[in-house]
Amino acid sequence: MSKILKKIMMFTLVLSFIVPTVSYADEKNSKPIAEIYSKNSILTDQKTGRIITEKNADVQVPLASISKVMTFYVAQDALKNGEVNRDDIVTINKDMLKVSGSTMHLKVGEKVKFNELLKGLMIVSANDGALAIASHVCDGDINAFVDRMNEKAKSIGMKNTYFINPNGLPIYDWSKKDGDPKQNHSTARDISIMAKSLLNDYEKETTDITNSKLDKDNSRNFNYYNTNPLLHMHSNVDGLKTGYTDLAGYCLVFTDKMNTDGKSDLDNRMIGVVMGNWCKEDRVRSSDALYRLGENFETKLMCKKGETVAKGCVENIDKLKNIDLQPKEDSYAVVKNGENIKENIKYKKINRIPNEETVVANLEYIDEYGDIIKSVPLVSSDLEHISMISKAKILVNKIKRKLNIDKSDDKKELKYTIVV
């Protein structure tokens, strides 16, 4: 028996040395998860779209009142198109009040400015305000407004999202005892896409409202107290929207300005999404963890339009070796302080006679986890005048690829030299 015990002790001792090493290696090779309290989360930025961290970001979950970001988005489109005006007077009817949860305490027959409804929607998460907005934009047809929400989601690249109403409340069928309710669904990634697109299209219109900790509607003697917890914690937070239902848990999509210290080369925002927190306190913890991670990043100019960043060989043609490669535009990336970024050139197959505007390659900036944080299209001023022989060889290469004769350029990368 003593021999068995000695063997067990020896095995345990060996494991104590092995396991920590394996865990450390795994942790180092994978992108860290920044928070532990939410079920789904993501942190990205507005201008470049780099994913700083993510957790279950593509799992479809109930949206709750985060849905109202899309309601606001569609309303802004309607304002832009001249379908409605901010000073429109909306007469409240009983159908707009058939909701529970957060409200603006609207009353039947009350007349409210459309812009006040937008404030109530985004600041106090008014469910009645959401229905009033949808009704006004689509002449009383809420379903038509929901169709617009789904069309907008599809057009901006939200691949795993669908809406059934403008406010995000679950719809129960009380004739079914154990049936799941119908409700809006999305993913953390899709929500970040929605927030990014909204800010790109309507930055001022959005943040003028979502940046308010407190707003007053003197005509109704009503105060709007913002439900966004980070807005009261960090001065550079300027949005965006909270959400809660029993099924969705406590959710938040927040935005914060990055260039408050002047160190970035471009004004930018972080966009954080946390979904499925068990309580308000956990929502604060998870969103604050993402916020603090984002504080370590800056937006930097990686390369300028027209400057030579590399020398390369196009289509493996002798006459097109060692040509200058230049960015087609100024290119920025979000990088962490002291981060080790690698550079790589990926050539494109050319299927027409190239000129100085033809994208011949992409310069990739790669982080320590192997993720491409920026891909920069490269052109070459050396291609303004190329010989007939080089043009002919490019066309021959194109024909070979179409006939599946030559796959040499699929097997190994052409040589290049990084200049800057």
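## Cores, strands and a helix pair in a predicted model

Setting aside neighbours within four places in sequence, Gln183 makes contact with Pro62, Tyr162, Ile164, Pro170 and Leu247. Gln183 belongs to the loop between α5 and β6 (185–186). Is Gln183 buried or exposed? Its relative accessibility is 9%, and because the cut-off for buried is under 20%, Gln183 counts as buried.

Beyond residues up to four places away in sequence, Thr207 touches Leu199, Asp238 and Arg269.

Nonpolar side chains tend to be buried together in soluble globular proteins. Here, the largest nonpolar core has 59 residues, and the members that touch the most others are Met70, Phe114, Leu117 and Val253. Which elements give two or more residues to this core? They are the helices α2 (67–80), α3 (114–123), α4 (127–137), α5 (142–155) and α6 (188–210), together with the strands β8 (222–225), β10 (249–257) and β11 (269–277). Apart from residues up to four places away in sequence, Met70 touches Met149, Lys152, Ala153, Ile156, Met158, Phe163 and Met194. There is also a second, separate core of 24 residues, with Val309, Ile317, Tyr347 and Ile394 among its members.

### A helix pair

Two of the core's contributors, α3 and α4, pack against each other with their axes 8 Å apart and at an angle of about 140 degrees. That angle makes the pair oblique, and their crossing is left-handed. On the α3 side, the residues in contact are Phe114, Leu117, Leu118 and Leu121; on the α4 side they are Gly129, Ala130, Ala132, Ile133, His136 and Val137.

### Strand pairings

Now for the strands, starting with β10. Of its 9 residues, 8 are buried, so β10 is largely enclosed by the rest of the structure. On one pairing, β10 forms a hairpin with β9, with 3 residues between the two strands; Gly243 stands opposite Cys251 in β10. In the other, β10 pairs with β11, and Val253 stands opposite Val273 in β11.

| Strand pair | Sense | Bridges |
|---|---|---|
| β9 (237–245) and β10 | antiparallel | 8 bridges |
| β10 and β11 | antiparallel | 7 bridges |
| β13 (310–312) and β14 (323–327) | antiparallel | 3 bridges |

### The open sheet

Finally, there is an open sheet of 6 strands, which pair in the antiparallel sense in the order β16-β17-β18-β14-β13-β19. Which strands stand at the edges? They are β16 (342–347) and β19 (416–418); each has a single partner strand, so one side of each is left without a neighbour in the sheet. From one strand to the next, the twist averages 30 degrees. Within the pairing of β13 and β14, Gly312 has Ile323 in β14 as its bridge partner.

Conventions:
Residues are numbered from 1 along each chain as its sequence is written. This is a predicted model: local features need pLDDT of at least 70, side-chain atom pairs count only at pLDDT 80 or more; totals for chains, interfaces and linings use all residues. Side-chain values use heavy atoms; hydrogens and water are left out. A nonpolar core is a set of buried Ala, Val, Leu, Ile, Met, Phe, Trp, Tyr and Cys residues joined through side-chain atoms within 4.5 Å. Buried means under 20% relative accessible area, exposed over 50%, partly exposed in between (1.4 Å probe, protein chains only). Helices (H or I, at least four residues) and strands (E, at least two) are DSSP runs, numbered from the N terminus. Contact means heavy atoms within 4.5 Å. Two strands pair if DSSP finds at least two bridges between them. Axes are lines fitted to C-alpha atoms, for helices over the stretch in contact, and angles run from 0 to 180 degrees between N-to-C directions. Angles under 35 degrees count as roughly parallel, over 145 as roughly antiparallel, 65 to 115 as roughly perpendicular and the rest as oblique. A crossing is left-handed if the near helix is turned anticlockwise from the far one by less than a right angle, and right-handed if clockwise.
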